[in-house]
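Hi there,

Here is the structure I promised to pass on to you. Have a look at it first, and then read my notes below.

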Amino acid sequence: MSSVPRIAIPEPTSTDEAYNQRSLPQYIHAVEAAGGIAVPIPLRGSRAEQASMLASCSGILLPGSPADVDPARYGQQATKECAPRDEPREAVDELLLQNGFAEAKPILGICYGLQSLNVWRRGTLIQDLPHAEAARPTVNHQPGREVQRAHPVLLTPGSRLSHVVTHVVEDGEPGLFVNSSHHQAIDRPGEALMVAARSPADGIIEALEGVNPSQFLVAVQWHPERSYENSAASRALFEAFLEAARAWSSAKAAFDTHKP
């Protein structure tokens, strides 16, 4: 393993190349600025090719997407507001999550990546916030890509996320302002996942993290890659993720060195 951590990032979507060209460079920039090497995983590649690329990586970043996770995977029928699924993206996320959990690699999920992780861990989603019969939001969770301070989130005391960003939150408050661009949200958190942040005005879950303290597993509903340059909290999140990947790589190298 390289001393510079390599981070696997699946292409956001298999259906909209313009979206990939617009969004993927932001994830790559954030990873590289935080001290890593981004390794984009092609959605249309062979499984062997994808697995080979993943094997060289010491961390996994699950990015956003214009798609929605197939509701059948969490026992629901799709509503008319639910966006189409992206089967190649779901398949690559499955590959990355299986590997990440099997080897306890650091994982960072963003927006769709949070939802993908939650469903993979047998959690459920609210298919469309504006039309939800329960937990109807009282704030706008889709103000647009250009709005950097859409609404605050309240961090769960003692959570990994709170430890990562609290020292850079403005005025020492327990929450922070985030950008926001999602029409779905977490309903029931999946197995071994805990709520790490909520929107205080309406209770919408804004972040989850793993309960296993030995694995860095944080997923947020907002887009820290978009605010990397002007948000200390966004930079702190990526830096903590890269530091965890660096530590995982060092531990793996030490283990391999001492194998009989």
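Of the 260 residues of the protein, 52% count as buried, meaning under 20% relative accessible area with a 1.4 Å probe and protein chains only. Please keep in mind that this is a predicted model, where local features need pLDDT of at least 70, side-chain atom pairs count only at pLDDT 80 or more, and totals for chains, interfaces and linings use all residues. Residues are numbered from 1 along each chain as its sequence is written, and side-chain values use heavy atoms, with hydrogens and water left out.

Now the overall form. A compact globule with 260 residues would have a radius of gyration near 18 Å, and the 17 Å of the protein agrees with that (taken over C-alpha atoms; the rule is 2.2 Å times the number of residues to the power 0.38). Along the principal axes, the C-alpha atoms fill a box of roughly 60 × 45 × 35 Å.

The secondary structure comes to 6 helices and 11 strands; these are DSSP runs, with helices (H or I) of at least four residues and strands (E) of at least two, numbered from the N terminus.

One helix pair is worth a visit. The axes (lines fitted to C-alpha atoms over the stretch in contact, with angles from 0 to 180 degrees between N-to-C directions) of H2 (residues 47-55) and H3 (residues 87-103) come within 11 Å and cross at roughly 40°. Where do they meet? Arg47, Gln50, Ala51 and Leu54 in H2 meet Ala91, Val92, Leu95, Leu96 and Asn99 in H3, contact being heavy atoms within 4.5 Å.

Happy exploring!

Methods:
Buried < 20%, exposed > 50% of the residue type's maximum accessible area, 1.4 Å probe, protein only.
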